[in-house]
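Opening the notebook on this one.

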Amino acid sequence: MTISNEKMRFEINDKGAMTSLFINDDKYDANFALSSKDEPWVPENKQWGLGFITSGFNRVQIENCVKKTFDKDKMSATYLLEYTDTRSACVWDGDIEKSKRERKVFVTVTRELKEDGLYETIEIKNESKKYIILDEVGIYSSFRDTYATGENVLHTHINQHICTSGDLCYIEAQRQSNVGKNLALITLEGNFSTYHLEEQNTSNHRGVIALVSKDIRIPSGKSHIFKRVITEYEKRDDFEEKLCAYTGYPVLDYGFMTIEKGDKISIKVKNPGKLTSIRLDGEVLEENNGKYEYTPSETGVKEGIIKYNGKIAHITYKVTDSIRKLMEKRVKFIVENQQITDPDDPLYGAYMPYDMEKQRIFRAHEDAYGYYHCVPDRNEVRERMGMGAFVALYSRLYNDRKYLPSLELYRDFLLKYIVDENYDIWDSYLRQDSEFYYNEDIILVPRKLDMRSRAHNYTFAIPFFIQMYLLTGEEIYSKTAVGIMKRYYEIAKEGGFMPMLYELKPETLNVDDAFYADRLSKILDGEKKIAEKTRDMAGNYFSGEVAYEHGHPSSNLKYLTQYYISTKDESVMDAIKDEALRTDSFNGNQPHFNQNGVPIRHWDAFWFGKYELWGDTFPHWVSCLSTCGYTNYYMITKDEAYRDKAKKIFMANIALIQKDGSSYNSYIFNEKSHGRPAGRYDALTSDQDWIFYYYLQYCEAGVFEL
């Protein structure tokens with residue numbers, strides 16, 4: 001059944017779920033709704049507008065449709081939910097049977113198209129004999145937030161910026177292309193305080209989103225109501241003004257939501273809407289020239305509330321120790337706690353992941369094999385090579401050579417096991433024998449795996465040798481770095497992913513040596529060719545480890561901006577602007593330090609974390625691809641907005657460092673992932689050190705302060 005007006009149209013299936021949602025004048029005819037019509041992995045009972053309630057041990061799906069009605073611009077569907085509430089009454093004689101109550105609940109979902117959008121009302125009516133307590137009410141509310149390749153796919157797939165902050169609840173659904181009209185879901189009545197992700201089993205889809213309300217009591221014969229509107233918007237400024245108009249929530253610039261101790265929190269009011277007051281860290285803030293400011297006296301998470309239009313929204317800031325102190329603690333922790341120092345250990349000298357809960361090194365070969373889907377993503381190579389690069393850069397910038405013996409041990413490990421005579425990079429110290437890590441998955445590959453074929457590893461190895469050359473001046477490091485670079489360009493045929501750094505310049509080396517002269521000429525030629533391929537992609541990205549994700553446009557932005565800084569090649573400037581636009585589509589503006597300005601990623605904790613959880617990783621170090629691109633763009637254009645965007649992401653990641661120098665690899669923001677508890681930091685110190693490395697790089701460039 002299709003219901004339509006001049007602006008929008010939507011379709012309903014037999015269960016009354018919304019299976020499609022279109023803007024009528026959209027030339028790409030994008031279906032904004034996530035449904036099994038376009039995405040076969042989506043279960044029929046988890047499409048838009050269905051959901052669940054939980055009460056004690058009961059979880060009942062909203063799917064048993066007993067009545068549907070249709071009008072020209074309006075429809076409704078009613079669902080019957082029945083369950084037995086055990087131990088719901090107080091009994092004095094211990095007879096549990098007397099405490100059981102039969103519950104009957106009707107959920108009616110009404111949708112009506114009006115001139116400004118699609119209005120949804122969800123009424124939960126208690127037809128039981130007594131009051132009921134619903135621990136959770138979850139309503140599936142997913143836009144098509146999936147990744148694909150092909151022509152125009154970025155116009156038809158969505159990035160969802162989800163805010164569940166007290167009475168403030170919305171989903172800002174932005175096209176991945178960042179071009180054309182978008183849709184927003186704004187809650188008008190009712191409170192969704194968190195969200196769950198369900199049905200995740202691949203990096204290419206975020207899952208089914210359930211907006212969740214908690215602790216609802218409904219007397220017998222009474223109802224609880226949620227009201228929402230789905231409306232068009234063009235850009236974020238338009239969305240924020242509409243949010244203000246519909247709800248009274250003010251249009252705010254939250255400033256930096258992660259700050260160093262001693263810095264000031266500053267909230268700028270662009271449109272007061274129906275703002276009543278702002279309270280932070282227990283203090284009511286005073287307005288001064290359109291700003292609310294507060295200087296916290298201690299580190300930690302700072303909770304606040306914004307009162308508006310009789311409602312309350314939550315805001316959350318984080319105050320850290322000084323960045324200098326955190327960097328110092330992190331380097332010390334790596335050297336003292338994450339390096340193998342037993343000469344009889346085959347991993348002697350390696351920097352390793354660390355289990356923060358067990359307070360010991362995590363050895364992938366013993367601790368991950370047989371326990372995790374992907375062993376190499378928790379091993380002693382791959383992203384963990386960021387530790388060596390970070391420690392070396394820190395040692396150089398702060399002229400602190402006490403960690404040089406540790407770095408030299410690490411060098412010896414890499415040259416013995418990881419870097420071979422052809423400058424290929426092995427995927428673990430076991431070299432080709434590490435093929436067995438892939439156990440049953442290896443049958444999916446119709447050829448023998450080459451454990452030197454992961455192109456990312458080359459870009460992870462190069463920075464360590466560059467930094468060690470700049471720290472010591474010893475030729476072994478520059479020779480190795482240049483050799484790996486040349487080999488990288490031989491195997492990285494497509495370009496456009498995890499682009500390597502431009503620290504190593506011909507003028508820094510002894511180019512009279514035939515080894516360098518030959519390789520440097522080929523490196524520069526490879527850089528130019530990949531820059532041209534990247535420029536000409538025009539949004540038609542190749543499928544890498546993920547079909548499409550934040551890393552595609554952000555790494556292209558990083559690569560092209562660095563190439564422009566190096567060459568001043570004007571032919572890439574239009575592509576740079578386009579990549580910046582697409583990168584921006586991944587950034588939200590929610591009032592929480594882990595979300596605000598941090599790009600959407602939702603699989604990193606599964607691949608790199610201890611808990612192996614799918615879910616929204618706000619933040620994760622790969623966010624730094626955006627920081628590098630944004631910072632480079634600022635260096636080219638002097639546009640302060642891009643410097644600020646970069647700093648927000650840097651600060652959110654730097655806040656992962658703990659007081660003892662250990663560091664979480666990410667925070668999984670959604671409360672549950674397919675029923676498993678999320679909403680927590682992942683306790684494996686794994687791959688996060690790249691963000692600290694990149695931050696120090698831009699300190700050296702003068703963009704940020706050491």
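Predicted model: local features only at pLDDT ≥ 70, side-chain atom pairs only at ≥ 80, totals over all residues.

**Entry: second largest pocket**

I looked up the second largest pocket, and about 790 Å³ of space lies in it. I find 28 residues along its lining, with R236, K270, N589, K645 and K648 closest to the centre. At least two lining residues each come from α2, β17, β19 (265-271), α11 (573-584) and α14 (640-654). I sorted the lining of this pocket by class and got twelve charged, nine polar and seven nonpolar residues.

**Entry: cavities**

How many cavities of 30 Å³ or more does the structure hold? I get five. The largest cavity holds about 100 Å³ of space. I note 13 residues in the lining of the largest cavity, and Y170, E240, L243, Y254 and N589 lie nearest its centre. Two or more lining residues come from each of β12 (168-175), α2 (236-247) and β17 (251-253). Which element has the largest share of this lining? I have α2 down for that, with four residues. By class, I count nine nonpolar, three charged and one polar residue around the largest cavity.

Cross-check: I see N589 listed among the residues nearest the centre of the largest cavity, and N589 also turns up among those closest to the centre of the second largest pocket.

**Entry: nonpolar cores**

The largest nonpolar core has 94 residues, and within it F413 and I484 touch the most other members. I looked for the top contributor to this core, and it is helix α7 (residues 455-472), with ten residues. General reminder to myself: in soluble globular proteins, nonpolar side chains tend to be buried together.

**Entry: S99**

I find S99 in the loop between β7 (74-85) and β8 (101-114). Is S99 buried or exposed? I put it down as buried, because its relative accessibility is 2%. A polar atom of the S99 side chain lies 2.7 Å from the backbone oxygen of I96. Leaving aside neighbours within four places in sequence, I have S99 in contact with D85, T86, R87, S88, A89 and V91.

**Entry: H155**

H155 sits in helix α1 (residues 153-156). I count H155 as buried because its relative accessibility, 13%, is under the 20% cut-off. Beyond four places in sequence, H155 is in contact with Y28, A30, R175, S177 and V179. With S177 there is a side-chain to side-chain polar contact from H155, at 2.9 Å. I also checked a spacing along the chain: H155 and S165 are ten residues apart, and their C-alpha atoms are separated by 29 Å.

**Entry: S673**

I find S673 in strand β30 (residues 672-673). S673 has a relative accessible area of 4%, so I log it as buried. Not counting residues up to four places away in sequence, S673 touches L197, Q200, L613, W614, G615, I668 and A678.

How values were computed
Residues numbered from 1 in each chain as written. Heavy atoms only, no water. Core = buried A, V, L, I, M, F, W, Y, C linked by side-chain atoms within 4.5 Å. Buried < 20%, exposed > 50% of the residue type's maximum accessible area, 1.4 Å probe, protein only. 1 Å grid on protein atoms, 1.4 Å probe; cavity = no way out; pocket = protein on both sides within 12 Å on 5 of 7 lines; lining within 4 Å. Points joined across faces, edges and corners; volume = space filled by probe spheres on them. Nonpolar A, V, L, I, M, F, W, Y, C, P; charged D, E, K, R; others polar. Polar contact = N/O pair within 3.5 Å; in protein donor to acceptor, adjacent residues only side chain to side chain. Contact = heavy atoms within 4.5 Å.
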